[in-house]
Structures are given as structure tokens and as C-alpha cells.
Amino acid sequence: MLTLYYAPGACSLAPHIVLEWIGEPYEAVRVEFGSETLRVVNPSGAVPALREEDGWLLTQAGAILDYLAQRHPQAGLAGDDNLRARAEVHRWSAFLTSDLHAAFWPIFTPFRYTADQSAAAKRAVVEAGYKLAGTQLGILDHHLDGRPYILGQARSFLDAYAFPMIRWASKMLPDGVQRYSNVQALHYRLTADPAVQRVLAREAGSRP
């Protein structure tokens with residue numbers, strides 16, 4: 001059985017959703033960022049981490065999501081199987097990892113991005129993070145115009161990957177995601193998904 005190590009509110013929500021979509025038995029283990037319990041599993045102290053029954057461990061959300069989709073092709077979460085379709089999957093996975101996800105780091109940890117430890121410097125970094133996240137959401141919003149999901153008419157692991165980041169934006173950006181109607185529609189669509197609701201309820205009620 002697969003084991004997922006996750007922390008509520010983190011991007012580990014994405015593989016948690018994908019595992020639920022797949023519908024095969026798995027174990028979800030809540031851990032705290034940087035805890036010794038987590039470092040025994042993943043020395044970086046980060047989530048998500050996915051462990052196979054034989055002990056093989058995979059980290060990094062994008063890699064885990066792609067692995068799960070390829071491991072369970074019957075779930076139909078990897079997109080079409082042709083050269084350009086696979087390139088589109090890699091394109092949007094890279095965008096979510098390197099552009100959208102990374103845009104939130106100045107908001108989460110502003111003192112990483114300035115040597116000036118004043119409150120004013122912190123505010124300036126956070127404001128820059130808001131602008132950067134808004135730019136990336138605009139790119140995603142434009143792509144989603146006319147598409148219910150990132151790859152078109154059918155959901156994929158990419159939608160699960162985007163979901164926690166859209167949730168961050170809806171809670172952290174000054175105007176939420178109201179300016180991005182297509183992103184907001186994807187948010188509503190995924191939030192209404194019964195599997196997503198189960199995962200959100202599980203994570204909200206879980207304890208270490």
C-alpha cells in the first residue's frame with residue numbers, strides 16, 4: 001500500500017486528492033514541517049513524500065503526481081498519450097512548480113528575500129509577492145478561458161496540483177481570486193468534487 005506524508009494546507013493536498021481520485025487503498029500520515037518524524041522519512045523535512053511498500057521513497061509534488069498518474073493509467077489523470085500532449089503536461093507541471101508555487105514564497109517567508117529585517121521591508125516583499133502571484137494567476141486564467149480543466153475537458157493531476165495554490169490565493173491575496181474568473185471557476189468545480197471534499201474534511205479533522 002502507498003503511504004502519503006502530508007501537512008494540512010500544504011501542496012501535499014494535491015497528491016492526497018489524486019490518491020482519492022485513483023480509488024485504490026492508501027495510507028495518509030499527517031506530519032509537521034521539519035519535525036523529526038518527517039526527517040526520518042524525508043531528510044529535507046518537507047512534504048509531500050510518497051513511500052511504496054518496498055520502502056522506495058519519492059519526494060517533490062510534481063514528481064509524485066506524475067508518478068501516481070502513470071502508475072494508475074486507468075484513472076485517466078495523465079492527459080492524452082501523444083508527443084505534444086505530454087509536452088503540455090510537462091509545461092503546466094513546470095509552470096505550477098516554478099512559477100505559481102514559487103510566487104507565494106515571498107508571501108510565506110518574506111525575510112528570506114531581504115537583508116533588511118524591518119517591518120517596512122517585510123511589507124515590501126509581501127507586496128511584491130502579491131504582484132508576482134497575481135501575474136502567474138493571470139497566465140493560468142487566460143489559459144483556462146474556454147477550458148473547464150487545465151488540459152481541456154477532462155480533469156488531470158494538474159488540476160489537483162493547482163488546487164492548493166488557488167486556495168492560498170483565495171485566502172492570502174488582497175482580492176482573492178475574484179479578478180480571475182476562470183481560475184475561480186476551477187476552484188469552485190474542484191471544491192464541489194466529492195473526493196476533494198473528503199480529503200479536505202480528512203485533513204481538517206486530522207491530528208499529528
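Q: Among contacts in the protein chain between residues at least 6 apart in sequence, what share joins residues at least 24 apart?
A: The share is 66%. A contact means heavy atoms within 4.5 Å. This is a predicted model, where local features need pLDDT of at least 70, side-chain atom pairs count only at pLDDT 80 or more, and totals for chains, interfaces and linings use all residues. Residues are numbered from 1 along each chain as its sequence is written, and side-chain values use heavy atoms, leaving out hydrogens and water.

Q: What makes the radius of gyration of the protein chain agree with that of a compact globule?
A: The rule is 2.2 Å times the number of residues to the power 0.38, taken over C-alpha atoms. For 208 residues a compact globule would have a value near 17 Å, and the protein chain has 17 Å, so the two agree.

Q: Why is Glu20 called buried?
A: Buried means under 20% relative accessible area, exposed means over 50%, and partly exposed lies in between (1.4 Å probe, protein chains only). Glu20 has 15%, so Glu20 is buried.

Q: Why is Arg198 called partly exposed?
A: Its relative accessible area is 42%, so Arg198 falls in the middle class.

Q: How do you know that Arg198 and Glu20 form a salt bridge?
A: A salt bridge is a side-chain nitrogen of Lys or Arg within 4 Å of a carboxyl oxygen of Asp or Glu. Here the N to O distance is 2.9 Å, so the pair qualifies. Arg198 lies in helix H9 (residues 194-205) and Glu20 in helix H1 (residues 13-22), so the pair ties together parts 178 residues apart in sequence. Helices are DSSP runs of H or I with at least four residues, numbered from the N terminus. Glu20 and Arg198 also belong to a salt-bridge network with Arg202.

Q: What makes Arg86 and Asp81 a salt bridge?
A: Their closest N and O atoms are 2.7 Å apart, so they meet the cut-off. Asp81 has 67% relative accessibility, so Asp81 counts as exposed. Arg86 has 39%, so Arg86 is partly exposed.

Q: Why do Arg30 and Glu32 count as partly exposed?
A: Arg30 has 23% relative accessibility, and Glu32 has 37%. Both values fall in the middle class, so both residues are partly exposed. Their side chains also meet in a salt bridge, at 3.3 Å from N to O.

Q: Where is Asp141, and which side chain of opposite charge is nearest?
A: Asp141 sits in helix H6 (residues 119-144). Asp141 is buried and has no salt bridge; the nearest side chain of opposite charge, Arg179, is 9.1 Å away. Lys and Arg count as positive, Asp and Glu as negative; His and the chain ends are not counted.

Note on methods
Helix = DSSP H or I, 4+ residues; strand = E, 2+ residues; numbered from the N terminus.
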